[in-house]
Amino acid sequence: MDLKNTIIRLAEAAGASGSEDDAAELALIMLREYCPDAAVSGGNVIGSFGAHREGRPKLVLDAHIDQVGFAVTAITDEGFIKVGNIGGLDRRLLPAQPVVIHGKNDIKGVICSVPPHLTSGSAPVPEISDIAIDTGMSKNELEQTVSLGDSITFDAACRDLLGSRITGGALDDRCGVACLLYTLELLKGQETAYNVTVIFSVQEEVGERGAKTGAFTIDPDIALAVDVSFAYAVGEDESKCGYLGGGPMIGVSPSLSREISDSLMAAAEAADIPYQTEVMCGLTSTNADRYAVSRGGAKACTVSIPLRNMHTPVEVIDLTDVELTAKLLAEFIKEG
Amino acid sequence: MKELLKELCLIDGISGDEGAVRDYIISRVKDYCQYSVDDLGNLICFRKGRKSPKKKLMICAHMDEVGFMVTYIRSDGTLRFDCVGGIDPSVIIGRRVRVGKDRISGVIGSTAVHNLSREQREKAPSVDSLYIDIGAASKEEAEKHVFLGDCVYYDSEFTDLGEHCVKSKAIDDRAGCAIMIKLMQEKPDYDTYFVFNVQEEIGLRGSAVSSFSVAPDFAIVLEATTAADIDGVKGEKRVCELGRGPVVSFMDRRTIYDKELYRLAFDLATCQTKTMIAGGNDAGAIHISGKGVRTISVSVPCRYLHSPSSVIDMSDLISSFKLVKNLSKRIPLL
């Protein structure tokens, strides 16, 4: 499989939390190549990899399929679309940002920006309730296509940066989805130590809700949440970040299984895969939080891909990290 | 007209770097006029009309758009930059840009919202705190691709919005350039100078020079001007509105316009005026050039001016074109 192309196709598909259909359908088609039984269950895309045998522990590989965005809350008489946020958004970068409204058809729009002559100096950061979207259409025209509750995402195409880095929207967490597909590619034809199930879960950005039902459905013994985490960039606290190109960030936290963290690190060292340790002193704000306490509990851990500018239309990753993360996961999963 | 505008907007040309825009315009107008390029890069075209009036008419627009220049390469491979022209930081964070002659892709990033304090979330960052990330892992890697002084352009698509609006970068002032190219393709009633200026966005520099050289009696300045007819803005604060025709101002921050020309525009067409005294354009330099030039400006109302996503209504571009055409038939007789 072409990893970069897979990431870009997934990242350019739409799927705000609760409206993941486009991205989920694409991910489902991609997953079927490795998991013929893959299907949508309660919104989540779930597939089992290889033959599941009695007596082996159940391992879930999870990546979330949703992304941050907005929901249409009203259409004004003048034809502006009012919105609510889906997930955590940086309101400072919203003015004049291009978006796509996913109505019966996709409609392009631009978030209104108040010009400087009305703000005397630096413009205040808008509240979400101040945000309106300009589509160049009247209320009447819009109502033919757009309904309240329709989702909106940033209109963000992917671009190559220097070296092996790329930028795009929704790399959080479509690069994780692609990473799991690549892991399966690496494991194809190999014996695994676990009965492996892949879950592309919905609604992570609004509180890991898809993972809660996914965890209940599969009831794993071990769960690895493959998400993105903060890569160091100007303005970030270096001590709280990984580095782009530094390899997978293995989570260590009271809420995670130290046994799994240690095994992941051991697997990385044995296979000479560079990795970074990400210490979190409580919850991880990833799906791992859900898997750990589902039903009778599971050993959960995070394996994160470093990413800059999280939740913006210009997220940045290094493809090397995705590749290394998949290699680590494959090493961990294959029969020892 | 839309195709022409699209082609013009997609050409990159920040202030001081208008060459590609000028080359394109020359390719479109060279068969209709005599032209010259002056020392600053202004394109001055003389279009012969059916008659040669005693008074000289100049119609002009500016070729440059706002953008950035690379001022420093940091040890981590990211680029410091400064704005060329007036740009609000809130419309550049979280955007893609293209850097230098090879147009390598970059992004203007910002600290993840998760890691901002409550206070930081409520305040747009200053340009000084922003940087361009081109994916370089070190200064050495960046230096292979980027030079200090490289121009940086918005990476923004030209798209239709609804039936009659379009969204693009550089509408200010390629809209004016488009009107002029269209006008030049028809033989005018009177001899006319068509001038495509440089460096408007950094302080009306090109027009100061070209208006001296041409020394017109009358000038029509074509522009795109701020429309604030957005949700939550009411009454006079809207300044002007999309879909209501050309904007003809009586006064802005740089110019008090010729009253007879102002009234003539309203006699000739359905126009709107600006309901706040704001902004400024090349008229500021032109109307006090030489012994003075009687000047009018005709602007296309534009939302989100100077952002990568400026929006205009194509009907305003068409009606502005018609108004300027009619003005050019009447003004030389005044």
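**Exercise 1. Find which residues of α6(A) meet which residues of α8(A), then describe how the two helices pack.**

Step 1: pick out the touching residues. From α6(A) you want A:S263, A:L264, A:A267 and A:A268, and their partners in α8(A) are A:L328, A:E331 and A:F332. Contact here means that the C-beta atoms, placed from the backbone, lie within 7 Å. Helices are DSSP runs of H or I with at least four residues, strands are runs of E with at least two, and both are numbered from the N terminus.

Before going on, note that this is a predicted model, where local features need pLDDT of at least 70, side-chain atom pairs count only at pLDDT 80 or more, and totals for chains, interfaces and linings use all residues. Residues are numbered from 1 along each chain as its sequence is written, while chains are lettered from A and ligands numbered from 1 in the order in which they are written.

Step 2: get the geometry. Helix α6 (residues 258-270) of chain A packs on α8(A) at about 105°, and the axes are 9 Å apart. Axes are lines fitted to C-alpha atoms, for helices over the stretch in contact, and angles run from 0 to 180 degrees between N-to-C directions.

Step 3: name the angle. α6(A) is therefore roughly perpendicular to α8(A). The naming goes like this: under 35 degrees is roughly parallel, over 145 roughly antiparallel, 65 to 115 roughly perpendicular, and the rest oblique.

Step 4: sort the contact by class. You get 5 nonpolar, 1 polar and 1 charged residues. (Nonpolar covers Ala, Val, Leu, Ile, Met, Phe, Trp, Tyr, Cys and Pro; charged covers Asp, Glu, Lys and Arg; the others, Gly among them, are polar.)

**Exercise 2. Work out where A:A271 sits and what it touches.**

Step 1: locate A:A271 in the loop between α6 and β15 of chain A.

Step 2: A:A271 has 13 C-beta neighbours inside 10 Å, so it counts as partly exposed. (Buried takes 20 or more other C-beta atoms within 10 Å, exposed 12 or fewer, partly exposed the range in between, with C-beta atoms placed from the backbone.)

Step 3: list contacts. Skipping neighbours within four places in sequence, A:A271 contacts A:K327 and A:E331. A:E331 is also one of the α8(A) residues that meet α6(A).

**Exercise 3. Describe how α1(A) crosses α8(A).**

Step 1: read the geometry. Helix α1 (residues 3-11) of chain A and helix α8 (residues 319-333) of chain A have axes that come within 11 Å and cross at roughly 105°. That makes α1(A) roughly perpendicular to α8(A).

Step 2: name the residues. A:L3, A:K4 and A:I7 on the α1(A) side meet A:L319, A:V322 and A:E323 on the α8(A) side.

Step 3: count by class. The contact splits into 4 nonpolar, no polar and 2 charged residues.

**Exercise 4. Decide whether A:S285 and A:N309 are buried or partly exposed.**

Step 1: look at phi. A:S285 is not a glycine, yet its phi is positive, about 55°. A:N309, not a glycine either, has a positive phi of about 60°.

Step 2: count neighbours. A:S285 has 16 other C-beta atoms within 10 Å and is partly exposed, whereas A:N309 has 29 and is buried.
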